[in-house]
Amino acid sequence: MTAKVKSAYEPLNELTVLDVIKPLNFFDTASLNELVVQEIGDGNLNLVFRLQDPDSEQALIVKQALPYAKVVGESWPLTLDRARIESDALLQEAESVPHLVPKVYYSDPHLAVTVMEDLSDHVILRKGLIEGNMYPLLAKDIGTFAANTAFYSSDFYLHPFDKKEQVKRFSNPELCKITEDLVFTDPFFDHDTNEFPAELRSGAEKIWADQELLREVAQLRFSFLTRAEILLHGDLHTGSIFVKEDSTKVIDPEFAFYGPAGFDLAHFFANLTLNHLSQNAHAKEPFHRENVQSFLLQTIEKTWETYTNTFTELWREKASDPFAKTEGVLENFLQHTFQETIGFAGCEVIRRTIGLAHVADLDSIEQKDIELFYKKKALELGSYLIKNQRKFKSITQLTDWIRGA
Ligand code: SR1
Ligand code: MG
């Protein structure tokens with residue numbers, strides 16, 4: 001859909017958002033004043049408006065970046081360019097996996113706005129998992145998403161000039177800096193962005209004093225800073241995925257950039273692992289808990305299998321790399337990606353436990369002592385993954401270990 005709208009930046013409200021969508025002629029209704037408009041954003045960074053025609057049920061979403069991080073306030077300024085990155089990433093992803101991302105109807109980089117498909121019939125995966133729901137398509141869909149977006153954005157497929165153009169297009173320094181700080185730096189030092197109760201201090205101090213662990217984190221961080229391998233979503237936790245029984249949609253790629261291939265799957269696996277831990281407290285009865293926990297581990301296994309199988313098929317059919325047919329080249333790439341996935345996942349587990357921006361999976365455990373117990377476990381688990389990333393040789397070795405942990 002193409003249309004021109006007025007575009008000097010100002011934060012939208014329930015009224016001015018109508019000016020943005022008016023030229024799009026999306027709604028059949030004659031009067032836009034009849035639309036029900038709600039600001040529904042519950043994330044850390046943006047405004048999200050849902051506009052719905054109460055008669056026809058037609059609806060759409062207008063997402064606008066604020067010039068600061070909503071989670072902290074105006075004292076944390078943040079680039080509006082992330083809105084352009086997000087809509088460009090959605091369009092890019094839609095070229096290979098259109099069924100796995102919301103449709104973009106319109107975007108305006110000056111207003112920092114993306115108008116997109118309404119997905120209110122889906123739920124946020126994190127919420128669904130905390131409630132103990134299971135999603136049969138999840139693993140296949142996320143594995144397919146990760147493999148396609150990785151392969152088609154990589155040097156294995158693209159001409160080197162095109163790849164470098166893409167790296168420039170998705171240069172996202174401010175959002176990367178958030179990840180560099182919040183995932184790879186602050187939780188590993190006594191930094192003032194960290195957030196945790198006093199009872200976790202000894203666990204945190206153990207991490208800060210562990211030189212072997214810090215050396216590994218330094219290497220993972222360096223990888224994140226320097227390895228422009230593929231176009232990443234950049235923030236693929238379970239709050240960035242919408243699900244329903246028969247559909248999966250990956251949303252919110254405002255952190256998209258070119259980075260190391262294991263990073264997205266690591267975030268997905270880390271957040272599933274945190275949910276797996278939290279099920280011990282959330283699940284109402286043991287039988288259901290066991291079901292949900294095995295679903296989570298199977299999801300990790302099937303996602304990785306789908307990722308490697310799909311990536312391998314794409315490689316065999318379409319790789320233009322001169323070494324694509326050389327024995328062991330693909331296997332080395334996948335092996336390195338696997339190892340880093342485990343290390344990055346360990347960092348994310350630790351960050352979501354003692355750093356900034358926790359996860360509701362653990363924070364919503366009602367009994368304080370039980371919450372602390374599982375948070376301590378999370379710190380041990382994250383540290384082990386980082387330090388032992390090279391010991392895991394297969395995905396089932398990883399899931400077996402999580403099951404035992
Ligand atoms: C200030 S932003 C905090 C976190 O929210 C986003 O979803 C990212 O995970 C980021 O690290
Ligand atoms: Mg987000």
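**Sheet**

An open sheet is built from five strands in the order E1-E2-E3-E7-E6, with antiparallel pairing. Strand E1 (36–39) and strand E6 (104–108) are at the edges with a single partner strand each, so one side of each has no neighbour in the sheet. From one strand to the next the twist averages 15°. Strands are DSSP runs of E with at least two residues, helices runs of H or I with at least four, numbered from the N terminus; two strands pair if DSSP finds at least two bridges between them.

Strand E2 (residues 46–52) and strand E3 (residues 59–65) run antiparallel and are joined by seven bridges. Leucine 47 has glutamine 64 in E3 as its bridge partner.

**Basis of the model**

This is a predicted model: local features need pLDDT of at least 70, side-chain atom pairs count only at pLDDT 80 or more, and totals for chains, interfaces and linings use all residues. Residues are numbered from 1 along each chain as its sequence is written, chains are lettered from A and ligands numbered from 1 in the order written, and side-chain values use heavy atoms, without hydrogens and water.

**Salt bridges**

The structure holds 26 salt bridges (a side-chain nitrogen of Lys or Arg within 4 Å of a carboxyl oxygen of Asp or Glu). One of them joins glutamate 86 and lysine 63 (2.9 Å, N to O). Glutamate 86 lies in helix H2 and lysine 63 in strand E3, so the pair ties together parts 23 residues apart in sequence.

Glutamate 86 is buried at 3% relative accessibility (buried means under 20% relative accessible area, exposed over 50%, partly exposed in between; 1.4 Å probe, protein chains only). Lysine 63 is also buried, at 6%.

Definitions and conventions: Axes fitted to C-alpha atoms, helices over the stretch in contact; angles between N-to-C directions.
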